[in-house]
Amino acid sequence: MLRYIVRRLLGLVPVFLGITLLVFTLLHAIPGDPAVFLMGERATPDQIAAFREQMGLNEPLPIQYLTFLGSLLRLDFGNSIVTGIPIAAEIGRRWAASFELTASAVLFSILVGVPAGIIAAVRKNSWVDNLAMTVSLVGVSMPVYWLGLLLIYLFAVNLGWLPPSGRIGISEGFGFQPITGFYVLDALLRFNFTALRDILAHLILPAIALGTIPLAIVARLTRSAMLEVLSQDYIRTARAKGLLERWVILKHALKNALLPVITIIGLQFGTLLSSAVLTETIFSWPGIGEWIYGGILARDYPVVQGGVVFVSITFVLINLLVDLSYAFFDPRIQYK
Amino acid sequence: MIRRWKRWRRWQPVLLSMVFALTIVLSNCGGSPDATDSPEASSPAASSEQQALVFGLGGQPANLEPGNITDNNSIYVHEQIYDRLVHFEPGTTSPVPGLATEWSASEDGLTWTFTLREGVTFHDGTPFNAEAVRVNVERWWDPASPTGYRDAGRGYEIWPGLFGGFKGDEASSLVSLNVVDDYTIEFVLNQPFAAFPVAIGSGYFGIASPTAIEEAGPDYGTPGSTAVGTGPYVLDEWRSGDRVILSANPDYWDGAPAEEQLVVRFITDPSARLAELRAGSIDFTVELAPDQLQEIEGDDNLEAVFRESFNVGYLGLNTGFEPLADVRVRKAIALAINRPEIVSAFWGELGVSDPHFLPPSMENFNANDLEVYPYDPEQAKQLLSEAGYADGFDLEMYYMPVSRPYFPTPKPIAEAFAADLSAIGINVSLQTKDWAVYIEDSKKPPGFQSFMLGWTGDYGDPDNFYYYHFGPGGTTDIGEWKSDRVIELLNQARAEDDQGAREQAYAEVDKILYDEVVRIPIVHSQPLLAQRTNIQGWNPSPLGSEPFNTVSKE
């Protein structure tokens, strides 16, 4: 098992090189200049030249790439060239927010998607099945931006049940000192239950908005995996033994059907982490996606490079964890 | 059985810790409600939390370091923390004393002497004096300043943008900086610059505590660090991507803030900002889109607030492109575009169409006998045929790929221009480029044949609008069009101290530009702001931001 992990981690090295090279090349292939973003309509060719010189943007690209790689290896992500903010520190301040949102979205998709998939499989071709699959399809087809605004207007503006955006309210926010950056956990650790309620209330809408993306996939995959498993011989045996149907489905069938679902959930977690840009923007969520997006618009090379490298490595690591979790769900799988 | 036990062992720690956590939660719920040892209860903010004023800003500030920012989000927060040497009368562009109580130029107009306000201290207790001003100005101007942290990537791009260059550059307007005594400082310039006090008073140049800058090092003004000024509010905390928390400076020299606490939340999306305002979770906000006016007016708890326009959106005509070298053709274009209709369609109440390049907030510098070119396609056609283009010609028109306050929806606006021009036989093909490339390429000869662009003022003086667009070196995007008289007048107004004479010079510039039609002013747009009805004392400045010490909440 340990050997397997080490081998997988070593496999990260070429992945890492590939990611950095790709990000670097793509970013420098987009036309545009950070100096122009900074000075806007005011930029003169002389000032642009001076700025490029100062920021080291006049070096040949291979040299710039090696410099970038070298500082990454020293765990030095550098500073944003637009704002001067140190990138490592900014990732440190923001990653937990993104993780909390992504995890909540995935949780939402599991809590709704798995039961919907099971019911749809058990009542195959019934109206429940059709309804569940249609709803999940609509969910995935609706643009997050639009869905987000819809949720905000319905639940925050018209009904007033939930806060429109942000991570924590104004009065709850005073003096709330995060420890880990995961606000839900921090509120628990601080025994601050007023804040906890408020933080959870802030999480609901963005988690739903973001969670609809994997929801359809989770629901549909659960359904098809369940259908396949339910037709297996051992299920017939279990039923023949006289087990309660509930147990046959939840214990014997579901556990075996879950394997592909878990793979997809793991992949989705990584995808959501990087695609939460719109959700984070519309819900003013102080995460990584919103920050990278701003960096792309401003041609802030170090921010985008650092941010994307961070997200990609996280993505790879999460997939490793998913692979390792197979052993729990299917004891026949062993890692050598 | 053994396998089951193994599996149980694997999950045991997780389950136990969950039970533990649950126990803590439950026991705490039933426990004493006045958990006085929690950090929340001891926070000084707890008492005033109901009163906190909440402002919805259009995004996170780039940083809180004066001289190193150009974005509106930063300037808004700067305005609360820092003062500048020169301030502006609320709601106008007229200069009034800020950290300097008076200022004057020498006979030859080259030396500006500022007398500083006594008895002011920075939020960290450092006294404000001429030395503090020197340290701040040197960081922006002098590449060798030890607290400029240029090695760590500080650029101070705005300084050469407004003052020609850094120390040592030939074009630098500032030649030397002299501390005369504790409360007097002199700026020596290479040529007279009448707008200097107004320019140094622009929102970029807040005066920061030299002690704080030195202590924080290159991180000064970033989320994990500090930002210390003399302004109405003191920075307590900056939560990156989320909010800035400020508390009142009770000793503020220009009147302590009406509210004890100010929270600035960063909400990038305009629809989300308006939703927050309607839900009551923010009290006032800026940078809303023109089409949101109706929604604001439909909500009884909200009020639309208007900021006087301080920008111009124009259509640039490149005289390097043959047909446009003839002024009759340029005039024909001005006559063919139905400005009143376009402005009312795209801006509604929020756009002003007038014949001037300068926004209405500086109307005293305009020629007052000009009329907007009327919509007259017949006369336009006649001018075209006089110029030898009776059959029209093909014209490339570039529209901006991004939304700016002066052109919120560039493409549909460009389509409206194209439709009007096709009526007089000019075939417009619409083009665009990535924003950064757009600006670069427009200035690189030969430039674009025609293009949409605009300008938002940095400070309240015509020089800031005119010199950049019509001064020497400012016309590469319009085929090196030049008017010696305009350049002469602009230089004269730079050197002139007398207000009346300056007004006269700029009025003549206005007239010449009106006749030459190289940049056709299409619109001066008013930014749309909104507040909840229980907010009072907000007086938006045409310059784009204002301190909130007068704003209160009922």
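In this predicted model, A:Ala116, A:Ile119 and A:Ala120 of α6(A) meet A:Val128, A:Asp129, A:Ala132, A:Met133 and A:Ser136 of α7(A). The residues of this contact divide into six nonpolar, one polar and one charged.

**Helices α6 and α7 of chain A**

- The axes of α6(A) and α7(A), the latter covering residues 127-141, come within 8 Å and cross at roughly 145 degrees.
- The crossing of these two helices, α6(A) and α7(A), is left-handed.

**Helices α8 and α11 of chain A**

- Helix α8(A) packs against α11(A), which comprises residues 193-230, at an angle of about 150 degrees, and the two axes are 9 Å apart.
- Because angles over 145 degrees count as roughly antiparallel, α8(A) is described as roughly antiparallel to α11(A).
- The crossing of α8(A) and α11(A) is right-handed.
- On the α8(A) side the contact is made by A:Val144, A:Leu147, A:Gly148, A:Leu151, A:Ile152 and A:Phe155.
- On the α11(A) side the contributing residues are A:Leu205, A:Ile208, A:Ala209, A:Leu210, A:Thr212 and A:Ile213.
- By class, this contact of α8(A) with α11(A) has 10 nonpolar and two polar residues, and no charged ones.

- The buried residues of α16(A) include A:Tyr301, A:Pro302, A:Val303, A:Gly306, A:Gly307, A:Phe310, A:Val311 and A:Ser312.
- Also among the buried residues of this helix are A:Val304, A:Gln305, A:Val308 and A:Val309, and these four are touched by A:Val23, when residues up to four places away in sequence are not counted.
- A:Val23 itself is placed in helix α2 of chain A, residues 12-29.
- The C-alpha atoms of A:Val23 and A:Val309 are separated by 8.0 Å, although the two residues are 286 residues apart along the chain.
- A:Val23 has 19 other C-beta atoms within 10 Å and is therefore partly exposed, as a buried residue needs 20 or more.

**The two chains**

- Chain A contains 16 helices and zero strands, whereas chain B has 17 helices and 21 strands.
- The C-alpha atoms of chain A fill a box of roughly 85 × 55 × 40 Å along the principal axes; for chain B the box is roughly 95 × 70 × 50 Å.
- Of the 336 residues in chain A, 42% are buried, while 50% of the 554 residues of chain B count as buried.
- Among contacts with a separation of 6 or more, residues 24 or more positions apart account for 72% in chain A and for 68% in chain B.

**The contact between chains A and B**

- Chain A gives 57 residues to the contact and chain B gives 54.
- Several helices of chain A each supply at least two residues to the side that touches chain B, including α3 (34-39), α4 (45-54), α6 (87-122), α14 (277-282) and α15 (288-297).
- Helix α8(A) gives the most to this side of chain A, with five residues.
- By class, the side of chain A that touches chain B has 29 nonpolar, 18 polar and 10 charged residues.

Definitions and conventions. Residues numbered from 1 in each chain as written. Chains lettered and ligands numbered in written order. Predicted model: local features only at pLDDT ≥ 70, side-chain atom pairs only at ≥ 80, totals over all residues. Buried ≥ 20, exposed ≤ 12 C-beta atoms within 10 Å, placed from the backbone. Helix = DSSP H or I, 4+ residues; strand = E, 2+ residues; numbered from the N terminus. Contact = placed C-beta atoms within 7 Å. Nonpolar A, V, L, I, M, F, W, Y, C, P; charged D, E, K, R; others polar. Axes fitted to C-alpha atoms, helices over the stretch in contact; angles between N-to-C directions. Parallel < 35°, antiparallel > 145°, perpendicular 65-115°, else oblique. Left-handed = near helix turned anticlockwise from the far one by under 90°.
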